[in-house]
Amino acid sequence: MAAAFPSPNHGERRNGAEPDHVVLHFTAMQDMASARDRLCDPAAEVSAHWLIGNDGTAVQLVDEARRAWHAGVGRWGACSDLNSHSIGIELDNPGDRPFSNRQMETLETLLRRILDDWRIAPQNVIAHSDMAPARKFDPGPRFDWARLARQGLAVLPQAPLLPRAPDKAQFLILAQLFGYTSPDHEHVLSAFRLRFRPLHTGPLDPTDMALIAALARDYGQDGDQWRAC
C-alpha cells in the first residue's frame, strides 16, 4: 500500500510521548509530487507522517514513532504539543475539490491500522482546523467525516439533544468540553461547522447548540483523557 519517501523534517517526541491523536490535513497544492517535495524540503521545516494521493497512493514520510512537524501552534483540549502527541496525515487536495473514493479507501485502511497499533480513540481523530481554528481550514467542508464515523474511525454527535436557544457563552463551554480551546466564538463555530455541518452558514442556531451538547455529553474530556501534553 505504501512507499517510503523519507523527509528530514522530524525529531524526537518530547518527554517520551506516544501518539494519542491523529490530525488530518489537506495539502493545498496542485499535485502530490509538489506536496511531497515541500514536505521533504529541509528549508520548509514542515512534514507529516503520511501523504495520500488522489489516486490512493500512500507515501510514508516520517516514522510514526518520530515527531513530524505538521501541527504547528495549536491546541486540542489540554494538549498544546500536538506534534509530540499525534500522527499527521496529509491528503493530496488543493482544497477546492471532493476527496476521491480511492483516497478515502486508503485513508480508512491506514487509520484503522494506526488506531489499533497506537490504541487511539476515534474521538482523537481531528481536523487541523479543530486544533487551530483561527489559522487553519483543512481538511475543509468537502471532507467526508461522516464516512469515517460510520466505520468507527472518527465521531459524530450521537442522538442529538433537542434544539435549544442559541447562547454563545454556553456554546463555548460545551465546545471546550469536547476539545476546542479558542476563546473566540466565531472561530470555534466555523471549525465546528466544517466538521459537523459543512457548508452551513449564518449565526449560531438551535441545531448547533444541540449538536455541540451531544458531543460534550458523549465525548467530553476528563481525567486521563484530558491530561496536559
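This is a predicted model: local features need pLDDT of at least 70, side-chain atom pairs count only at pLDDT 80 or more; totals for chains, interfaces and linings use all residues.
Q: How many residues of helix H7 are buried?
A: Helix H7 covers residues 206-219, which is 14 residues. Those that are buried include Met209, Leu211, Ile212 and Tyr219. H7 is largely enclosed by the rest of the structure, because the number of its 14 residues that are buried is 10.

Q: Which helices are included in what covers the buried residues of H7?
A: Let's look around H7 for its cover. One part of it is a helix at residues 168-178 and another is a helix at 185-196. These are helix H5 and helix H6.

Q: At what angle do the axes of H5 and H7 cross?
A: Two packed helices are described by the angle between their axes and the distance between the axes. Here the axes of H5 and H7 come within 8 Å, and the crossing is left-handed. The contact includes Phe171 and Leu174 of H5 and Ile212 and Ala216 of H7. The axes cross at roughly 35°.

Q: Is Asn15 buried or exposed?
A: Asn15 sits in the loop between strand E2 and strand E3. Its phi is positive, about 55°, although Asn15 is not a glycine. Over 50% relative accessible area counts as exposed. Asn15 has 83% relative accessibility, so it counts as exposed.

Q: What is omega for the cis peptide bond that joins Asp138 and Pro139?
A: Most peptide bonds are trans. The bond that joins Asp138 and Pro139 is cis, and Pro139 lies in the loop between helix H3 and helix H4. For this bond, omega is about 5°.

Conventions: Residues are numbered from 1 along each chain as its sequence is written. Side-chain values use heavy atoms; hydrogens and water are left out. Helices (H or I, at least four residues) and strands (E, at least two) are DSSP runs, numbered from the N terminus. The expected span of a helix is 1.5 Å times one less than its number of residues. Buried means under 20% relative accessible area, exposed over 50%, partly exposed in between (1.4 Å probe, protein chains only). Contact means heavy atoms within 4.5 Å. Axes are lines fitted to C-alpha atoms, for helices over the stretch in contact, and angles run from 0 to 180 degrees between N-to-C directions. A crossing is left-handed if the near helix is turned anticlockwise from the far one by less than a right angle, and right-handed if clockwise.
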